[in-house]
2 protein chains.
Amino acid sequence: MLISQSQKNTVLCGRNFSSFSRRIARNCFAALKATLFSQTMQAMKWLDDIKWDDKGLIPVIAQEAASGDVLMFAWMNREALAQTAALGRAVYYSRSRGRLWPKGEESGHVQTVHEIRLDCDNDVILLKVTQLGHEPGIACHTGRHSCFYSLYKDGQWVVVEPVLKDPQTIYK
Amino acid sequence: MLISQSQKNTVLCGRNFSSFSRRIARNCFAALKATLFSQTMQAMKWLDDIKWDDKGLIPVIAQEAASGDVLMFAWMNREALAQTAALGRAVYYSRSRGRLWPKGEESGHVQTVHEIRLDCDNDVILLKVTQLGHEPGIACHTGRHSCFYSLYKDGQWVVVEPVLKDPQTIYK
């Protein structure tokens with residue numbers, strides 16, 4: 001193939017420019033990669049600080065922010081806690097269903113999360129929440145305000161909280 | 001050996017009386033045994049109602065009755081819960097030490113128990129307690145009021161509760 005001198009120059013210049021660009025691009029990419037890696041590590045550190053149990057889970061207590069009532073107890077995996085923090089809404093991990101469980105996905109009884117706290121052993125989470133979807137809030141699948149409605153009295157468990165809404169009308 | 005008629009009567013009467021007494025005693029003993037068995041079964045039923053995990057434990061949340069603050073999270077086995085109910089003081093099961101852990105045994109930070117509640121799945125306990133031994137109450141081994149002193153903020157855990165007493169002076 002015959003090419004002119006000007007074509008040769010263009011090709012050489014192109015080669016040089018291309019080589020220079022590639023070097024710049026490589027450096028930029030490396031810097032970007034390092035930054036992203038650092039940011040990701042930083043973003044993950046709070047999750048790494050947690051002592052997940054042998055199933056990769058952590059127990060979670062949900063407490064109503066306004067009343068102080070302990071509403072329920074559930075579990076989270078890493079993804080559930082990351083989503084809870086990102087969305088500001090409680091996302092648990094359902095052990096029985098083996099999948100993420102965005103609280104209220106069926107019932108509409110969503111929990112807005114105001115605070116996420118971790119205990120001294122880094123192995124229990126406390127959420128301060130507002131229980132939405134009903135007034136007063138219903139956290140329990142039985143239609144009660146709180147899951148802790150059975151009180152020990154004289155050697156037996158006594159139900160001491162009313163059903164606020166029939167579960168059959170909650171889960172249609 | 002020669003014995004008189006009156007002696008014979010006494011012996012016979014003694015035999016009859018002894019036989020009668022034995023029957024009475026047997027019946028009394030059987031009735032007592034049945035009553036005790038029934039009472040024991042009744043006394044145990046509330047413990048049998050609980051869904052203990054595969055290690056024979058149940059998670060326990062301790063909440064300060066007066067303030068509503070969630071103080072700590074621990075575990076109980078059957079014996080710990082039975083003792084807690086009997087004594088009106090929190091007795092946990094220490095998984096790390098593999099034995100009963102009467103709260104405050106070293107620190108003096110005993111918990112008086114006002115209520116024992118069970119959740120809808122029968123697998124979590126909520127205690128309503130008064131935290132004794134210091135004013136304000138110290139439930140945490142770090143010398144803080146509550147174990148949940150780390151707050152999630154902007155991708156990290158921030159300590160938001162003060163140490164009320166140096167742990168070195170608590171655990172001498």
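Biologist: Which residue of β7(B) does A:Arg117 stand opposite?

Modeller: Strands of a sheet pair through backbone hydrogen bonds, either parallel or antiparallel. In this predicted model, A:Arg117 faces B:Leu151 in β7(B). Two bridges join β5(A) to that strand of chain B, and the two run antiparallel.

Biologist: And what stands opposite B:Leu151 in β8(B)?

Modeller: That is B:Val158. Here β7(B) and β8(B) pair in the antiparallel sense, over four bridges.

Biologist: What is the order of strands in the open sheet?

Modeller: Read across its six strands, the order is β2(A)-β1(A)-β6(A)-β5(A)-β7(B)-β8(B), with mixed pairing. β2 of chain A and β8 of chain B stand at the edges with a single partner strand each, so one side of each has no neighbour in the sheet. On average, neighbouring strands are turned by 35 degrees against each other, direction ignored. Helix α2 of chain A packs on this sheet, touching β2, β5 and β6 of chain A as well as β7 of chain B.

Biologist: How should I read the relation between the chains?

Modeller: Two copies of a chain are related by a rotation about an axis and a shift along it. The same surface serves both copies, as 100% of the contact residues of chain A recur in chain B.

Methods. Residues numbered from 1 in each chain as written. Chains lettered and ligands numbered in written order. Predicted model: local features only at pLDDT ≥ 70, side-chain atom pairs only at ≥ 80, totals over all residues. Pairing = 2+ DSSP bridges. Contact = placed C-beta atoms within 7 Å. Axes fitted to C-alpha atoms, helices over the stretch in contact; angles between N-to-C directions.
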